Protein chains: 2
Amino acid sequence: MVGAGQLARMTSQAATGLGIGFRVLADSATDSAAQVCAGTVTGDYTSLSDLRAFAARCDVVTFDHEHVPAPHLAALEQAGRQVRPSAAALRYTQDKLAMRDRLSGLGVPCPRYATVTDQADVSKAAADWGWPIVLKAVSGGYDGRGVWVCQTPAEAAAVLAHPVRVFAEEHVGFDAELAALVAPAPGLPASRAVQAQRIALEVAGELGVTGLLAVELFSTSAGLLVNELAMRPHNSGHWTIEGARTSQFEQHLRAVLDLPLGDPRAAAPCVAMANVFGGTDPGVYARYTHVMAADPGVKLHLYGKSVRPGRKIGHVTALGDDMPGARERAVRAAAYLATGEE
Amino acid sequence: MVGAGQLARMTSQAATGLGIGFRVLADSATDSAAQVCAGTVTGDYTSLSDLRAFAARCDVVTFDHEHVPAPHLAALEQAGRQVRPSAAALRYTQDKLAMRDRLSGLGVPCPRYATVTDQADVSKAAADWGWPIVLKAVSGGYDGRGVWVCQTPAEAAAVLAHPVRVFAEEHVGFDAELAALVAPAPGLPASRAVQAQRIALEVAGELGVTGLLAVELFSTSAGLLVNELAMRPHNSGHWTIEGARTSQFEQHLRAVLDLPLGDPRAAAPCVAMANVFGGTDPGVYARYTHVMAADPGVKLHLYGKSVRPGRKIGHVTALGDDMPGARERAVRAAAYLATGEE
């Protein structure tokens with residue numbers, strides 16, 4: 001796996017169980033997965049020679065993130081390496097404009113979008129869709145970075161002043177964000193859940209994805225709209241570690257290794273997951289005792305990351321018989337880990 | 001964790017989840033846990049200097065096996081190291097005669113036993129209990145090694161000729177072997193399950209055990225008898241990885257780190273586990289596809305061990321709604337992995 005963040009860390013747990021040899025290409029030995037994984041190789045994922053050397057020691061190469069340069073992916077494939085998902089599929093996670101064009105061509109519902117090169121283009125889009133306007137980096141964004149919600153022409157002008165290629169999207173008012181991994185979501189009408197699954201399956205098939213595909217969707221009054229794609233395990237599926245018979249990490253490994261998939265059934269009636277963010281107090285481990293004592297059923301996951309305010313450093317999962325109760329337990333534990341306050 | 005076998009390997013998965021720094025002291029880099037664990041230190045667990053150097057890098061030292069020499073454990077404690085379970089408790093897993101004396105003193109039911117130094121002692125015991133007679137190494141045995149069931153005086157003489165200190169036990173005819181971890185076991189009367197739990201709790205309390213304690217018992221027509229103790233995660237508890245809300249490996253870590261224990265509830269109505277043994281064909285991974293395709297619900301665990309006939313190289317777990325069905329699925333998958341035959 002290229003990249004050694006928390007996704008690689010959790011994938012390593014699944015690989016250990018399956019007895020599958022697992023290597024990570026890490027930026028540094030302190031990366032989340034590098035801390036725990038014996039098969040850590042340090043190197044630069046933007047360097048083709050580092051990638052070549054890493055791939056030479058692997059039967060199959062897969063990814064913790066979507067930032068490996070596309071020409072390098074193509075070069076690995078040309079050299080006969082097994083790259084999964086393929087360079088052709090990964091393109092649509094790296095170039096958001098290509099993704100929009102492709103999905104629109106397939107008839108998959110997406111927000112309205114337009115290429116923009118200057119302020120005049122933005123003004124024209126805003127005349128049609130109204131403010132705010134969303135500007136998105138064509139490539140390189142993740143976790144909300146590379147996305148700017150502009151309320152005014154002046155804010156848009158400031159974004160356009162960046163040396164970053166962007167395109168414009170309408171700002172979508174939505175009731176909920178979904179990921180096809182978690183549909184049906186609580187309170188989601190069955191018809192919409194089915195639609196989300198259908199969109200995800202169509203995208204996976206048409207784009208030739210091997211391995212996990214997460215399709216982020218906006219649920220709006222007018223229907224579902226595809227927001228983003230990720231071709232890897234995804235934050236929205238972390239609940240599957242305890243909450244499903246087969247975790248997303250194990251499924252990803254099985255898929256990229258061409259093994260049959262595992263039983264995806266839920267392991268409990270209700271499962272809730274909450275992210276843990278760093279607060280101002282770095283002593284998160286000191287709060288373990290209290291969280292564990294307060295709720296023996298909450299499952300804790302810390303990623304070995306240093307604590308910085310607002311940084312995602314872990315998650316907690318609660319299983320239970322009712323959704324509000326499970327969610328409240330997960331949220332409370334996550335908040336306490338972050339701040340030491342209920 | 002001193003030792004890098006499969007128990008350490010599975011404990012490393014739990015430590016990764018909890019974000020707990022985890023080191024193993026491995027005999028070699030090819031040990032089961034050393035293959036996957038970034039915190040691998042190679043060294044000799046019979047060397048006090050290697051143990052000292054390893055312990056100096058750990059907050060708490062715990063164990064994958066019971067073979068660290070008792071004087072070394074005492075020396076680590078005297079140097080202020082946190083050894084869990086303590087040297088005083090571990091003594092009863094290392095010296096089986098001391099274990100028998102201690103448990104008998106507590107009134108815990110055990111097989112009849114006697115110290116023996118020569119053939120005359122064995123003959124005297126056999127006169128009371130009848131043949132066969134069980135001879136056991138006082139220390140150093142595990143997984144059936146160091147236990148000899150002798151049908152005749154000649155067989156006993158052959159054992160006594162070994163340069164190994166042994167004692168004698170009556171041969172117990174039993175209906176079932178139990179481990180307190182898995183009581184209540186299928187078909188076990190509730191009263192006997194309660195008795196097994198009571199015995200285990202009494203042993204844990206009286207011997208001052210910190211961490212997992214597995215009490216192996218014989219269920220006989222005359223009642224329960226303690227067979228062996230293990231103060232560590234135990235083969236009989238591997239089902240807890242998927243079958244319980246908190247695995248035995250996570251519970252062991254929580255206990256030795258003085259953290260509150262996790263929810264021990266079962267995650268499914270029925271759970272069955274079967275060991276995978278090496279056969280004559282080393283290509284066990286080539287059979288993964290078939291086992292996964294035949295039963296997506298079977299969870300596979302291979303330990304990264306080279307295949308030798310009869311060697312324990314992994315286990316499989318099946319969750320289900322009925323015990324005979326779950327057991328049949330687990331046994332079939334394990335047999336197929338071993339031999340390629342149903």
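In helix α8 of chain A, the residues A:Arg192, A:Ala193, A:Ala196, A:Ile199, A:Ala200, A:Val203 and A:Leu207 are buried, where buried means under 20% relative accessible area, exposed means over 50% and partly exposed lies in between (1.4 Å probe, protein chains only). Seen down the axis of α8(A), these buried residues fall within an arc of 125°, so they line one face of the helix; the arc is that of the directions from the helix axis to the C-beta atoms. On the other side of α8(A), A:Ala190, A:Ser191, A:Arg198, A:Leu201 and A:Gly205 are exposed.

This is a predicted model, in which local features need pLDDT of at least 70 and side-chain atom pairs count only at pLDDT 80 or more, while totals for chains, interfaces and linings use all residues. Residues are numbered from 1 along each chain as its sequence is written, chains are lettered from A and ligands numbered from 1 in the order in which they are written, and side-chain values use heavy atoms, with hydrogens and water left out.

Helices (H or I, at least four residues) and strands (E, at least two) are DSSP runs, numbered from the N terminus. Helix α8(A) covers residues 190-207, 18 residues in total, and reaches 26 Å from its first C-alpha to its last, close to the 26 Å expected at 1.5 Å a residue; the expected span is 1.5 Å times one less than the number of residues. After α8(A) comes A:Gly208, whose phi is positive, near 65°. The buried residues of α8(A) pack against α4 (87-94), α5 (96-106), β8 (214-220) and β9 (223-230) of chain A, contact meaning heavy atoms within 4.5 Å.

A:Ser219 has A:Leu224 of β9(A) as its bridge partner. Eight of the eight residues of β9(A) are buried, so this strand is largely enclosed by the rest of the structure.

Another antiparallel pair is formed by β11(A) and β12(A), which four bridges join. Here A:His301 has A:His315 of β12(A) as its bridge partner. From β11(A), A:Lys299 and A:His301 point one way and A:Leu300 and A:Leu302 the other way, and all are buried.

The largest nonpolar core has 41 residues, of which A:Tyr288, A:Leu300, A:Val316, A:Leu337, B:Leu18, B:Phe22 and B:Val24 touch the most other members. A nonpolar core is a set of buried Ala, Val, Leu, Ile, Met, Phe, Trp, Tyr and Cys residues joined through side-chain atoms within 4.5 Å. At least two residues each come from β10 (270-277), α11 (288-294), β11 (299-302), β12 (312-320) and α12 (323-339) of chain A, and from α1 (6-18), β1 (24-26) and α10 (248-256) of chain B. Helix α12(A) gives the most to this core, with seven residues.

Finally, the two chains may be compared. A rotation of 180° with 0.0 Å of shift along its axis superposes chain A on chain B (RMSD 0.1 Å), by least squares on the C-alpha atoms of residues with pLDDT of at least 70 in both. That is the relation of a two-fold axis. In chain A, the C-alpha nearest the axis belongs to A:Ala38, 2.0 Å from it. Of the interface residues of chain A, 100% are also interface residues in chain B, so the copies meet through the same surface.

Definitions and conventions. Pairing = 2+ DSSP bridges.
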